Amino acid sequence: MQSIAPYRQAAAKASRKGFFAMQLKKASQRSGIIGSADDVTSVVLAAMQDAPNARLRELADAFVRHMHAFAREVQLDEAEYGIGIDFLNRIGQATNDSHNEGILFADAIGFSTLVCLLNNGSGGATETAAALLGPFWRMKSPHTENGGSIVRSPTPGPDLFVAAFVKDAAGRPVAGAEVDVWQSSPVGLYENQDATQADMNLRGKFITDAEGRFSFRSVKPAGYPVPTAGPVGDMLRAQKRHPYRPAHLHFLIFKPGFKTLITQIFVDDDKNLESDVVFGVTRELVGDFRRHDAGAPPAVDVKPPWFTLDAAFVMAEGEARLPVPPIK
Ligand SMILES: [Fe+2]
């Protein structure tokens, strides 16, 4: 180890105590030797400052500052630190090809919705048609003709007919957009959670027509509890929170030249509409699901009651990017 004695002697001769202390602190930071809790944050930030990627530097710097401030604010004790690390590890261990506990955790603390709203609707200043992706989007859902059904295996429940219009910010139709749709069944299960449903049941991919329209037949989704077998379930129980999402349809609309629109439309009569466990409901996204008890049904095999939903989506100009699928 390099001796600091020569520096001490030189400093004593010069009687420049303030300067000496400053030099010692700098040397301490360079070597990473920490004097007390007060030093830790600045030493760690200094260690990370040579990252060539400026954005990585900014993110890591803020992350460390906020994590250290968190520990200081709550005076985190060692047992709590251990519980936190165990919680983090269990999130990873609970994640597999068909379940993403990391996204579920981010959703359940409102982090996903916050990031969504910060990046859509004028940086969070206005309402937006965007909503969180959630943990159940799969790529390669089956191409389905406009007006076709996404019910791919017997799925009892009220019939639902959706007609939607995709437009740009000026109200002009967006033709040729790819629209992914996915939803839970009338008992609240996605096909990947339910052995009784066919692969890709209640999932489909549509292309908007020249008028920017797409439509499909389905069944009315039900609300569902998020998975509670993992650490997020433990958190919800400890906080006395129910695990339910209000019923909804998911949409992902993709066309080059437009920012990919990821959104959900919520069933307006759901009892959990105002207490979504993952904080996904915004006023803009509550759908107008109309119940029909009489009249001519939209198809010969439809029995009342059936439901219709008219929806409109506005796409903003921007970069068309697909998210990483949370499951395979
Ligand atoms: Fe969902």
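Tutor: A nonpolar core is a set of buried Ala, Val, Leu, Ile, Met, Phe, Trp, Tyr and Cys residues joined through side-chain atoms within 4.5 Å. This model is predicted. Its largest nonpolar core has 28 residues. Val181, Phe214, Phe216, Phe251, Ile253, Phe289 and Phe313 have the most contacts inside that core.

Student: Which element gives the most to this core?

Tutor: Strand E10 does, with 5 residues. Strands E1, E2, E4, E7 and E8 also give two or more residues each.

Student: What makes Tyr190 (OH) a donor of the iron ion?

Tutor: Donors are N, O and S atoms within 2.8 Å of the metal. The OH of Tyr190 is one of the protein donors, which lie 1.9 to 2.1 Å from the iron ion.

Student: Why is the arrangement around the iron ion called irregular?

Tutor: Four donors count as tetrahedral if all angles lie between 85 and 135 degrees. Here the 4 donor atoms subtend angles of 90 to 162°, so the arrangement is irregular.

Student: Why does His248 count as buried?

Tutor: Buried means under 20% relative accessible area. His248 has 0% relative accessibility, so His248 counts as buried. Tyr224, at 3%, counts as buried too.

Student: How do you know that helix H4 spans what is expected?

Tutor: The expected span is 1.5 Å times one less than the number of residues. H4 has 21 residues and reaches 30 Å, close to the 30 Å expected.

Terms used:
Residues numbered from 1 in each chain as written. Predicted model: local features only at pLDDT ≥ 70, side-chain atom pairs only at ≥ 80, totals over all residues. Heavy atoms only, no water. Donors = N, O, S within 2.8 Å, 3.2 Å for Na, K, Ca; no water. Tetrahedral: all angles 85-135°; square planar, octahedral: opposite > 155°, others 65-115°. Buried < 20%, exposed > 50% of the residue type's maximum accessible area, 1.4 Å probe, protein only. Helix = DSSP H or I, 4+ residues; strand = E, 2+ residues; numbered from the N terminus.
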